[in-house]
Amino acid sequence: SMLLVGISCDKLNDSVTPATLQDPNSPKGDVRIGITDAPIDDSSVSAAFVTITEVRFDGKVYDAFKGPKTVNLLALQNGNSLNLGEGKFQAGSYSKLTLVLDYEKDQSGNAPGCYIQKTDGAKEALVISGNARKEIEINTKKFDVTEGSTTELMVDFDLRKAIKEKNEN
């Protein structure tokens, strides 16, 4: 079954919660997670990049995601999506998905890590919902990871809601 997760990036935590590791001995199910986006209305924006360093379910690290990964959200519109990982995760019920972002540098080590690119080539640093917080916590409908089956998650960024331009002055 596919769970669509909407992000408007408003409910954020100030502190980075300590990530906990999965119990290696517990039963595992398969989880496949993707990311997609709704169109943005700004014709001057040619690309919008976010750098994701970690994905967690209820604070436990989803190690099938190999970060950091810099994703152009604009390439994920009109039904396109990108696979963020596919692999085993501890069986159980989960209701929170966390994306950890790197605002400072992208997957190649270049600054900034999250930015929009204008059609004229200019880069503008991007902050998700006002505060440059490292974690986006998404409260989802409860999803179950069960042994012998695959849970599909799709994270839907809505750039129109998520992007606020940060003025330097």
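Are Phe57 and Tyr62 buried or exposed? I started my notes there, keeping in mind that this is a predicted model. I found Phe57 buried, and Tyr62 is buried too. For Phe57 I noted a relative accessibility of 0%, which is why Phe57 counts as buried.

Next I looked up the rings. I got eight aromatic pairs in the structure. One of them joins Phe57 and Tyr62, with 5.0 Å centre to centre and 40° between the planes, so I wrote it down as tilted, the class for angles from 30 to 60 degrees.

I then followed Phe57 to its pair with Phe143. That one is edge-to-face, at 5.5 Å centre to centre with 85° between the planes. I liked this pair, as it links distant parts of the chain: Phe57 sits in strand S3 (residues 45–57) and Phe143 in strand S10 (residues 135–145), 86 residues apart. Phe143 counts as buried because its relative accessibility is 4%.

Which residues do ring pairs link into a cluster? I listed Phe57, Tyr62, Phe89, Tyr94 and Phe143.

One last entry, on a charge and a ring: I found the charged end of Lys123 over the ring of Tyr115, 4.6 Å from the ring centre.

Technical notes:
Residues numbered from 1 in each chain as written. Predicted model: local features only at pLDDT ≥ 70, side-chain atom pairs only at ≥ 80, totals over all residues. Heavy atoms only, no water. Phe/Tyr/Trp six-rings, centres within 6.5 Å; stacked < 30°, edge-to-face > 60°. Buried < 20%, exposed > 50% of the residue type's maximum accessible area, 1.4 Å probe, protein only. Helix = DSSP H or I, 4+ residues; strand = E, 2+ residues; numbered from the N terminus. Lys NZ or Arg CZ within 6 Å of the ring centre and 35° of its normal.
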